[in-house]
Amino acid sequence: MDVFKKDDSQALKGIAIWLMVFHHCFRAKDLFEKYTISFFPFSEGVVIHLALMGKMCVAIFAFISGYGLFLSYGKKKTTATRWAASRYVKTFSGFWFIYVILAIANIIVKNRFAKMYFGEGIWVGIASVLLDFTGLAKLYGTGKTLIGTWWYMSAAIVFILLMPLLYKSIKGKPWLVLVSSIFFLRVILVRVEAGTFTGNNSIYAFIPAFLSGTLFARKDLFNKWANIGSRGGLKAVKCLAEFLVLCVFGLFYNRLPLQTFWDFRFCIVPVAFIMFCVEFIIPIRHIHEILVFFGKHSMNIFLVHTFIRAGYLNRFTYSWKHFALVVIMLFMVSLVISITLEFGKKIIKYNSFMDGICIRIENR
């Protein structure tokens, strides 16, 4: 029996999107300091620490991308170029739909659209819009994106392009590829982003997590790990041991300098967390079903929640007084918007149209 199935990846996305919303709400005091927020039964510092750990969400999404893209590329029945083009359209179809809607909203309300893109002239503005719409804004370093958290779309492009380039190496020597990438990326992060690397939105820092996903897919590591200590009381001991390891990792997560230990934060800790969730959290029946539902809406929630929190409903977001309620309400409002958007897509047959484009690209 497979430990990690397709719907399990959705469940894992469900966990990651909760971490993301929590992270964006309370990762820094200046986000909420003008509001009265209760952190009971924790202290404000503990909540901020936990919210900073929520940054693992990006690594989790990168890991899932690596796992899924590796399996997808191995089953491809077309050229590498057509596969990459099809995956690009499939990945970005949901983004484009929401981009157009939020762009219109930004034009109507305070005309933030024009202020964001066209402050340096019409041609720079047009180029900035095209780069943001295609997910290339972060790669080109324009700094002009409708919503700051959308920098991850550039990372998604990098992941798609890496798969055809590294597939044979991953299939042959996945451990060597992963270890080599960490050393190679340290050179990039020092030279390309010297003195400015924060890890918060680097398209490079999450490549090891992406490659870890390919490694787990190639070596079937979820099943192999689950078979260790799977009998009798050993499973309970294993669960406790993994939980304690995660607690120790949590204590050091924000204490170790990011510029030196970025791979600890964005690869080692997230992968350990993923392994624990896949074996001990996701299999719980009703929790699994709920997480899968959240996971199916994770892309939309990712795309819209910052628009709500930091864009036009900041006061509403933090008006719920207790930190847990703030996160829950932001998540639920984003979820309702996502459900509405998916209903709209179904009416106009948007997904069917985009699927047809992907099929034509692959079979052309």
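Biologist: In which helix is the place of F294?

Modeller: This is a predicted model. F294 is buried, since its relative accessible area is 10% and the cut-off for buried is under 20%. The place of F294 is in residues 285-296, which form helix α14.

Biologist: How many disulfides does the count come to?

Modeller: A disulfide is a covalent bond between the sulfur atoms of two cysteines. The cut-off is 2.5 Å between the sulfur atoms. For C25, the closest cysteine sulfur is that of C57, 12 Å away and therefore too far for a bond. By this rule the count is zero.

Biologist: What is the distance from the sulfur of C247 to the closest cysteine sulfur?

Modeller: C247 is partly exposed, with a relative accessible area of 37%, while C25 is buried at 0%. The closest cysteine sulfur to that of C247 belongs to C239, and it is too far for a bond because the distance is 11 Å.

Biologist: How far apart are the end C-alpha atoms of helix α18?

Modeller: Helix α18 covers residues 350-363, which makes 14 residues. At 1.5 Å a residue, the helix should span 20 Å. The model agrees with this, because the end C-alpha atoms are apart by 20 Å.

Biologist: Which residues of α18 are buried?

Modeller: Other helices cover part of α18. What covers its buried residues includes α4 (80-108) and α17 (323-348). The buried residues themselves are Y350, M354, G356 and C358.

Biologist: Which side chain of opposite charge is nearest to E242?

Modeller: E242 lies in helix α12, residues 234-253. E242 is buried yet has no salt bridge. The cut-off for a salt bridge is 4 Å, and the nearest side chain of opposite charge is 4.4 Å away, that of K238.

Biologist: Which side chain does a polar contact of 2.8 Å join to that of E242?

Modeller: Leaving aside neighbours within four places in sequence, E242 is in contact with residues including M275, F276 and F280. The polar contact of 2.8 Å joins the side chain of E242 to that of W225.

Biologist: How many salt bridges does the structure hold?

Modeller: One of them pairs D8 with K5, at 3.6 Å from N to O. In that pair D8 is buried at 5% relative accessibility, and K5 is partly exposed at 37%. The structure's count of salt bridges is seven.

Biologist: How many residues apart in sequence are the parts that the pair of K144 and E120 ties together?

Modeller: The side chains of K144 and E120 meet in a salt bridge of 3.3 Å, N to O. K144 lies in the loop between α7 and α8 and E120 in the loop between α5 and α6, so the pair ties together parts whose separation in sequence is 24 residues.

Biologist: Which residues do salt bridges that share partners join into one network with K235?

Modeller: K235 forms a salt bridge with E279, the closest N and O atoms being 3.3 Å apart. This pair links helix α12 to helix α13, with the two residues 44 residues apart. Salt bridges that share partners join K235 into one network with K238 and E279.

Notes. Residues numbered from 1 in each chain as written. Predicted model: local features only at pLDDT ≥ 70, side-chain atom pairs only at ≥ 80, totals over all residues. Heavy atoms only, no water. Buried < 20%, exposed > 50% of the residue type's maximum accessible area, 1.4 Å probe, protein only. Helix = DSSP H or I, 4+ residues; strand = E, 2+ residues; numbered from the N terminus. Expected span 1.5 Å × (residues − 1). Contact = heavy atoms within 4.5 Å. Lys, Arg positive; Asp, Glu negative; His and termini not counted. Polar contact = N/O pair within 3.5 Å; in protein donor to acceptor, adjacent residues only side chain to side chain.
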